[in-house]
Amino acid sequence: MDTRPVVRRGVPEGSEARVAALYWEAFGRKLGAALNPPDKARAFLAAHLHHDRGVTALVDGEVAGVAGYHLGGRGLTGGGAGDLLAAYGVLRGLPRLAVLALLERRPAAEELVMDGIAVAAEHRGAGIGARLLGEVAAVAAEAGCRRVRLDVIDVNPRARALYERHGFTAVRTEHTPYLRGLMGFGAVTTMHRPLTPSGATPATTGGSDPRPGKEAP
């Protein structure tokens, strides 16, 4: 059994539930006010993934980590207002739309925005996060972007440390005390990674597959 991670672009067909579970484990605290209960949230995420807006790390054929990004008007996690209202009902859905609007981030010109990165607990410490970040940077460079942008919340210092080790620098912090009770965090720091030909080299040795898992419509 080969347990070395293979990094590839795209979410493989049939892994939607696994990716949704990893994403929810990483960001459920942040998204809970909009998508709880957890079972329903994971099902919603799995049903509305954009397969070609993610980079995955596979170990023995199973997704061990995923990094999503927003480019060209679409991100890894999809589902519009109509989808949310259909899933949760109008009365419960409208407040959830308001919460999601608070979290919405749109890329500026020549910018790729990361939707998030999640690695399964049993595979942490194996360098998967670094390789996913490198591949996302390569995607951005190939798309003509000049930088990668992401936001990290104040209750996730480990993630911020990872980003700093891989070329991201903080550019501003927005204090959001009104969100602490609702979402569990009170500040959001925006970080940038400028892209250069050398800085965007993907860390994908060991069997990277550049083909997307699926082209979304």
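Is Thr190 buried or exposed? In this predicted model, Thr190 has a relative accessibility of 7%, and because buried means under 20% relative accessible area, Thr190 counts as buried. To find this residue, look along strand E7, which runs over residues 187-194.

Now turn to the surroundings of Thr190. Leaving aside residues up to four places away in sequence, Thr190 touches Arg149, Leu150, Asp151, Thr169, Ala170, Val171 and Arg172. One of these neighbours, Asp151, also has a polar link: the side chains of Thr190 and Asp151 are joined by a polar contact of 2.8 Å.

From here, let us move to the backbone, starting with a peptide bond worth a look. Asn36 and Pro37 are joined by a cis peptide bond, with omega at about 5°. Pro37 sits in the loop between helix H1 (16-35) and helix H2 (38-47).

Next come two residues with a positive phi. Asp60, a residue other than glycine, has a phi near 55°. You will find Asp60 in the loop between strand E2 (54-59) and strand E3 (62-70). Its relative accessibility is 47%, so Asp60 counts as partly exposed.

Glu110 is not a glycine either, and yet its phi is positive, at about 60°. This residue belongs to the loop between helix H4 (90-103) and strand E4 (111-119). With a relative accessible area of 42%, Glu110 is partly exposed, because that class lies between the limits of 20% and 50%.

Definitions and conventions
Residues are numbered from 1 along each chain as its sequence is written. This is a predicted model: local features need pLDDT of at least 70, side-chain atom pairs count only at pLDDT 80 or more; totals for chains, interfaces and linings use all residues. Side-chain values use heavy atoms; hydrogens and water are left out. Helices (H or I, at least four residues) and strands (E, at least two) are DSSP runs, numbered from the N terminus. Buried means under 20% relative accessible area, exposed over 50%, partly exposed in between (1.4 Å probe, protein chains only). A polar contact is a pair of N or O atoms within 3.5 Å; within protein, one must be able to donate a hydrogen and the other to accept it, and residues adjacent in sequence count only if both atoms are side-chain atoms. Contact means heavy atoms within 4.5 Å.
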